[in-house]
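Thanks for making the time this morning. Please have the sequence and the structure open while I talk.

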Amino acid sequence: MKHVHSFFASILAFAIASPALGQSQEQFIPSLVYRTGPYAPNGVPLANGFADYIKLVNAKGGVNGVKLSFEECETGYATDRGVECYERLKGARGGATVFHPMATGITFALTEKAPGDKIPLITSGLGRSESADGGVFKWNFPLLGTYWVAADILIQHIGKKEGGLDKLKGKKIAFIYHDSPFGKEPIPLLEERAKMLGFQLTLLPVAHPGVEQKSTWLQIRQLRPDYVLNWGWGVMNSTALKEAQATGYPRERMYGVWWAGAEPDTKEVGEGAKGYNALALQHGAEPQAQVVKDILKLVHDQGQGTGPREEVGQVLYVRGVTAAMLSVEAVRTAQERFGKGKRVTGDQMRWALENLNLPQPRLDALGFKGVMRPVSTSCFDHMGASWARIHTWDGSKWVFSSDWYQADDQIIKPMVKAAADRYAAEKKLVRRSSQDCQS
Amino acid sequence: MIYRDSGHMVTSYRADQQIFPVLQDRWAVLGLIGFAIAGVPLLADEYVLRAVLIPFLILSLAAVGVNILVGYCGQISLGSGAFMAVGAYAAYNLFVRVPGMPLVVALLAGGLVSTLVGVFFGIPSLRVRGLYLAVATLAAQFFCDWAFLRIKWLTNNSISGSVTVSNLEVAGWHLNSAADNYLFCLAVVLVLCLGAKNLVRGAVGREWMAIRDMDVAASVIGIQPTSVKLSAFAVSSFLIGVAGGLWAFVHLGSWEPSAFSIDRSLQLLFMVIIGGLGSIMGSFFGAAFIVLLPLLLSRTLPAASGLFGFELSTAANSHAESMIFGALIVWFLIVEPHGLARLWSLGKRRLMLWPFAH
């Protein structure tokens, strides 16, 4: 009898103990990529940078001992495939920690789904501009900047080149954009600025995928704008530069968004794109950065590199690295509050993303010295930073050609709030209270 | 031996005219429907419901619509994506602009708007046939692409051109979970497909088939080609429009015009060609093939390549999916040009004779 009792007692003890033993100790970070389709030339370095940084973190021992597990899912930049990837990966390997949609169309779709599944979305440098308002968009994090920030900084830079924002009065600015939510996002801000400063804004949409631009550039030749702003992605960018070369429009007067200023866009055109400027989402091409050197040493030299070695340090590669870094630092922040060395849930990750504080010493220690500026999010500000620079293609590489700019919050904040309020009214959401920020 | 049409007698004309005259067929289909209603929500997990079954059901409905036009009436149409878009955006505008609009009414009204648009773009069919009609319907596709990108009113003046719907409910039943959405789609699809099946079995369907087979002879014996062709466009566009509304509201939740591009039209056309032209059942087979196969490949290819010792990147996987998919389509059309439905009916006929050879 005594043996039977102790036997059952030991089984019970084992049964209670085993869930804790069986709990997965890996933090799953999925990656939605597009390695095929018309946006693949730009999607591939993004994905490779992201993957390599995750491998770097694992090579250094993970986050307080918790390794990161990682899976790619091909979306081809299509919304329905992105939704399918999301559904497939959200519960896999113990649950996804965070999603990077990497496409504005997919962001819109996942914004509806993520709150229900309690998984935050990091839409660094893309997505809805009003999602910077954390009071309405609890689960969206457009870290480092949105398209309104980008457009504003471009106008500031152009104004500086002209000798003052007031000198923009009467000037002509043509805006060629990818005819999709991504391309249309900055239009409200540009129209607002056009009203304020008196420049003439011409909107020229380019249909997906962006290879048909002859008529657009004919219009530009007739219009003779002072500046052309390019909001393209994928093959649209290199096509725009080739057409600019064909019609003789000076590339020095062309300014691209941070998704339209990378090596895949200009390498083919080479000298023909010399002088083309673009925004740099804080970082540019960073072959000398410490984090890039670490990746080469600890990942590529060990034969674990995701892509070709030549790609390491290029603009979009570093973009992927930055995106991964923000996710990992959020995991670390979450662990600091909810338990070091333990897996972090989606809700805990969201708390960490809205309490993310990366001062310059921390960024330098991570290897981003000279690459990034401090990031600090809060409950109601999910953007964290709104700095950018301009870099220019000199025929063979991207070099920085301006100081740091910061977006004008006086103009952007009211617009963000108004748009967020409109969204909340449409979805019948209530703005978050300060108590809600404590959790 | 097991499957035969002998041994059960009917005693009324009504019973003689039922859809499934063979008792085993009736039992099988009713059993399948019962399982789909009761069993699947219990057994399937959220991923299977959301990413596999819901798209399958919605695209089957659209494929039935396309099949009515292309398979039963013989009018080639490359504008199905546009009609889905019309149905989706019409339903969206009604849903958002009219306060208190019920979901089902919005979807059906979206289908009706799609009917009007479909009939309008079907007018060329009265003059041209075959490839030329395909080009005319392609014009519908591109026109709708342009309209939903450029005409701001249609997207409720949304800045980005992307629209969203949420908080769907039907008479108090909130469609929150994957199972709710699945059951709603299943209900709509069953009701509309039953209607479609009865249409094609009746006089209207026979008129369509007469026009398809020999339109000159049909007009000689008194079938009006004008009204018959336009009625095919009308019914087809209605079904496709409702499917478009479901795709946008239930499956995507948030969409932009590129969700209904030429790729979608071609996908629907491939579904009915592979599934079997002129067969309602074939539309379901075709939709299953086109929806499930890429997912199956994306799941099994990495594992299969692992068995053979080399690792495929996601890009290689995606390309391999396209290649295998294309090869299978070609193989199917060589082996059985009449589609999967024909294979199914051949199988049933063999089963009826089994175990005898003839």
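This is a predicted model: local features need pLDDT of at least 70, side-chain atom pairs count only at pLDDT 80 or more; totals for chains, interfaces and linings use all residues.

With strand 6 of chain A, residues 200–206, strand 5 pairs in the parallel sense over 7 bridges, and if you want a place to look, A:Lys172 has A:Gln200 as its bridge partner in strand 6. Strand 5 also pairs with strand 7 of chain A, residues 227–231, again in the parallel sense, here over 5 bridges, and in that pairing the bridge partner of A:Phe175 is A:Leu229 of strand 7.

Stepping back to the chain as a whole, chain A holds 15 helices and 14 strands. Its radius of gyration is 23 Å, close to the 22 Å that the globule rule gives for 439 residues, and chain A is therefore as compact as a globular protein of that length. The C-alpha trace of chain A, taken along its principal axes, spans about 100 × 50 × 40 Å. Of the 439 residues in chain A, 56% are buried, and if we take the contacts in chain A with a separation of 6 or more, 70% of them join residues 24 or more positions apart.

Now to the contact between the chains, which takes 28 residues from chain A and 24 from chain B. On the side of chain B that touches chain A, the elements giving two or more residues are helix 3 (46–72), strand 4 (254–255) and helix 13 (314–335), and helix 13 of chain B gives the most, with 5 residues. By residue class, that side of chain B divides into 8 nonpolar, 14 polar and 2 charged residues.

Why does B:Gly79 count as buried? Because B:Gly79 has 31 C-beta neighbours inside 10 Å, where 20 or more is the cut-off for buried. Leaving out residues up to four places away in sequence, B:Gly79 touches B:Phe121, B:Thr137, B:Leu138, B:Ala140, B:Gln141 and B:Ser265. B:Val66, for its part, is 13 residues from B:Gly79 in sequence and 9.6 Å from it in space, C-alpha to C-alpha.

Conventions: Residues are numbered from 1 along each chain as its sequence is written. Chains are lettered from A and ligands numbered from 1 in the order in which they are written. Two strands pair if DSSP finds at least two bridges between them. Helices (H or I, at least four residues) and strands (E, at least two) are DSSP runs, numbered from the N terminus. Two residues are in contact if their C-beta atoms, placed from the backbone, lie within 7 Å. Ala, Val, Leu, Ile, Met, Phe, Trp, Tyr, Cys and Pro count as nonpolar, Asp, Glu, Lys and Arg as charged, and the others, Gly among them, as polar. The radius of gyration is taken over C-alpha atoms; the globule rule is 2.2 Å times the number of residues to the power 0.38. A residue is buried if 20 or more other C-beta atoms lie within 10 Å of its own, exposed if 12 or fewer, and partly exposed in between; C-beta atoms are placed from the backbone.
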